[in-house]
Amino acid sequence: MRSHLDQLAKIYGVGLTRPSPQNVEVPITDTTKRKILAALGVEIDPRRNKAASRPAAKRSVNKIIPKSFLPSFLEGKRVWGISLQLYELRSTRNWGIGDFEDLVEILSLAGDLGADFVGLNPLHAPFLADPDRCSPYEPSNRQMLNPLYIAVDKIKGFETCPELDARLDELRRADLINYFGVAEVKLLVLRDLWKKFQASTGDLTNERHDFETFVQHGGETLRRHALFETLSSFMGKQGQGTGWNSWPAEYQRVDSIEVSEFAGEHKDAIGFHMWLQWLAHRQMMIAAKAALDAGLRIGLYLDLAVGEAIDGSATWSDRDAYISDATVGSPPDPFATDGQDWHLAAFHPAAIAQGKQAPFRRMLSSAMRYAGAVRIDHAAALRRLFLVPTECAPDKGAYVNYPQDELLQILSETSKKFRCLVIGEDLGMLPEGLQEDLTEARVLSYRILSYERDKEGFKPASVYPRLSLACISTHDHQTLSGWWRGANIQARLEHGIIPSDVTKAHAKERRHEREDLMVALEDAETHPPAQFPPATARDSELDHLVISAHQFIAKTSSVLAAVRLADMTGEDRPTNIPGTSDSYPNWRPKLSVNLDRLASLPLLLKISEVMLKERPRTGRK
C-alpha cells in the first residue's frame, strides 16, 4: 500500500518530504498523503480505474521560458517609489479609512517627490457583512475591489448633515481603524445614493449606461459576487454566519434551486453590490489616470494575495476552481517552529491554468487593468504550495506541485496585454531553481535589506540583482528604527510566537546585525552616523541612520527601490505581526501623520532627496 500511495503522490505532485526547523527534510506520513490526495479529488483505492483529478503537470527542463512585460525605459534606468497601506492614510475628509481620493492625493505627492510608483496593500474584496475580517491577505474575492475604499463624498448626489459629520469626525479621530463603524456608515449612505441613482434622470443617464455596460462585461463572475454579498448579509442577520460553509446546505452551492429563488427575491440588493463594484472601479480608473498625470512612469503597483478565504465569495462562486479540505500554509521553520496555517483557499492545480478564462488569468487581469506593476505574494506558488489538511496541524501538511510552465505563460501574456511589470515575492523556502526561472521570465525578485546577508555580513549594494525590487521593510516587518531596537524580536516573544531561549539567540544575533549594517553603510559611502546608535535610541535619534540606509537601498543595482511610507513617518506600531490574531490589532493602525502634513515632514523629504539623487526621474516612458 505504501508504494501505491507514493506512486499516487508522485503522479499528482505531492511531495514526499517537507523541511524542518533544523533545515532537514523529513518524510510526510501516509495519513498526510491520503488527506492531501483526497483534497485534490484523487481516488486512492487501487481497484478504482479513474481519479477525479488530473495528474500534475510536468515541467519542461529545456523549454524556453516566456518573458513578462518590462518597460523599455527600465533597460537603462533605476527608479523608486513609495509603498503604503491605503487604509492607514489619515485625512481631514476621509471617513475613518484611507480611500481612493486619498490615493489620488498621495499619487500627486509622490509625483512631486520624484517617485515613479506607489505600491499598495491588496485591494481585494473583503466580507462586507463582516468588516472586522480585515486582513487584505485573506480576502473574500481577488477578482473584486474593496468597496470600503470608495470615496463616498465624491459620488454625485451626496449630501452631508450634522449627524453624519459628527459620526465621521469620530471615525477620523480614532487611533485604530474601526472597520465595523466605517462599513456601517458607508453602506448606509451608499444605499441611499443607490436609490437616487436608480431614480435619476438627466445628467446621470450616461452614468447609468456606463454601469449597465460594466455589469454586462462583469458577467456571471460579477453577479455571483454580488449574490454572495447579499446572501452573506442575510445569513449573518439570521445568525447563520457570513461565510458560506456555515450556511444551510441548500445555500452552500451557487447553482441550487434555493439560491436561485433567493436571487429572484433580492434583485435590488444584488444590483446594489454590483453598483459598489462599479463605483470602486471608476475611482480606481481615476487614480490610475492621476498617477500618469503626476508623472509616475510606472503608476500603481498592486499586491496580489496568495489565496482567498475558505468561506468567501470566490470559493462559493467557483467551487471547482479551488482545493477542498486543505488550506495554504508553510512548513515549520526557525521563526515558526510549528509551521503556519494561513487558512487560505488555493486554486486547484488542475484548474488554475485551464481554459481561455483560466482562474489565474482572470485574477491577474483584475489587478493589471489598473496597474503598471503587480507583486505576486508568495511567488513560490508558481511552482508549489504547502497545503495543510483541514483540522490538522501545519506540520502534517505537504507540498503540492503547480503547473509552472502554464502559469508563466499566462503571466507573460497578461502582463504584455496590460503593459504591467511583475514582481515575485521570492522569500523564505524556495524550490531549487525557481529564482533562476523567474529571472529568465523577467519577474523581478523581491529583496529586503535585513534578509540580504551572508556569512560576511550584509551584501554590498552592487550585488543586488538588476531585475529586482529592493526595500528596507514591508507590512510584515517593523520599520528600520523598530528593527534596530529589536522590537520585532520582543513582539514575537510577547505574543508567544517564539520561546524565550530562541528570543535570546535572536537578540544576540541582532547585535551582530546592527554592527554589520553599519559596516555595509560605511562601505557604500552613505555617511551613516559617526557614533554607533544604542539599541535604546528613540526614533528621532535614528533619523540619520534611516536616511543612510535608504541611500544604500537607492544605490543598489535593483531596477526598482521601494520606500515604505511608515519608515518616512517614523511609525512606532507595526502594520502586522505575523502569527498573531486577537493579541495585536493587525491591519488597523493608522499613520501618525495626516495626509496634508506629509509634504512638510523633514524625514520624508530627506529620504526622498537621497532616493532622487541616486535615481533621478529623467524623461518619460
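This is a predicted model: local features need pLDDT of at least 70, side-chain atom pairs count only at pLDDT 80 or more; totals for chains, interfaces and linings use all residues.

Entry 1: Residues are numbered from 1 along each chain as its sequence is written, and side-chain values use heavy atoms, with hydrogens and water left out.

With that settled, I went to T17. The side chain of T17 makes a polar contact with the side chain of E25, at 2.7 Å. T17 belongs to strand β1, residues 17-19 (helices are DSSP runs of H or I with at least four residues, strands are runs of E with at least two, and both are numbered from the N terminus). Leaving aside neighbours within four places in sequence, I found T17 in contact with E25, V26, P27, I28 and Y399 (contact means heavy atoms within 4.5 Å). T17 has a relative accessible area of 34%, so I wrote it down as partly exposed (buried is under 20% relative accessible area, exposed is over 50%, and partly exposed is in between, with a 1.4 Å probe and protein chains only). I also checked T17 against E522: they are 505 residues apart in sequence and 43 Å apart in space, C-alpha to C-alpha.

**Entry 2: positive phi.** Next I looked up N23, which sits in the loop between β1 and β2 (25-27). N23 is not a glycine, yet its phi is positive, at about 65°. N23 counts as exposed because its relative accessibility is 68%. I then turned to H343 in strand β10, residues 340-345. H343 is also a residue other than glycine with a positive phi, near 55°. At 46% relative accessibility, H343 counts as partly exposed.

**Entry 3: two loop residues.** Is S68 buried or exposed? I found that S68 is buried, with a relative accessible area of 1%. S68 lies in the loop between α2 (30-39) and β3 (79-84). Not counting residues up to four places away in sequence, S68 touches L411, S412, S415, V422, A441, R442 and V443.

A461 is in the loop between β17 (457-458) and β18 (468-471). Its relative accessibility is 10%, so A461 counts as buried. With residues up to four places away in sequence set aside, A461 touches F552, K555, T556 and S557. From A461 to R34 I noted 427 residues in sequence and 47 Å in space, C-alpha to C-alpha.

**Entry 4: α3 and α8.** I moved on to helix pairs. The axes of helix α3 (residues 100-113) and helix α8 (residues 267-293) come within 9 Å and cross at roughly 5° (axes are lines fitted to C-alpha atoms, for helices over the stretch in contact, and angles run from 0 to 180 degrees between N-to-C directions). That makes α3 roughly parallel to α8 (under 35 degrees is roughly parallel, over 145 roughly antiparallel, 65 to 115 roughly perpendicular, and the rest oblique). From α3, F100, L103, V104 and L107 meet A280, Q283, M284, I286, A287, A290 and A291 in α8.

**Entry 5: α6 and α8.** How does helix α6, residues 205-237, cross α8? Their axes come within 7 Å and cross at roughly 120°. That makes α6 oblique to α8. Residues of α6 in this contact include F211, F214 and R223, and those of α8 include W275, W278 and R282. By class, the contact of α6 with α8 has eleven nonpolar, six polar and five charged residues.

**Entry 6: α16 and α18.** Last, I looked at helix α16 (residues 543-555) and helix α18 (residues 602-614), which pack at an angle of about 25° with their axes 9 Å apart. α16 and α18 are therefore roughly parallel to each other. In α16, D543, V546, I547, H550, Q551, A554 and K555 meet L603, K606, I607, V610, M611 and E614 in α18. I sorted the residues of this contact into seven nonpolar, two polar and four charged.

How values were computed:
A polar contact is a pair of N or O atoms within 3.5 Å; within protein, one must be able to donate a hydrogen and the other to accept it, and residues adjacent in sequence count only if both atoms are side-chain atoms. Ala, Val, Leu, Ile, Met, Phe, Trp, Tyr, Cys and Pro count as nonpolar, Asp, Glu, Lys and Arg as charged, and the others, Gly among them, as polar.
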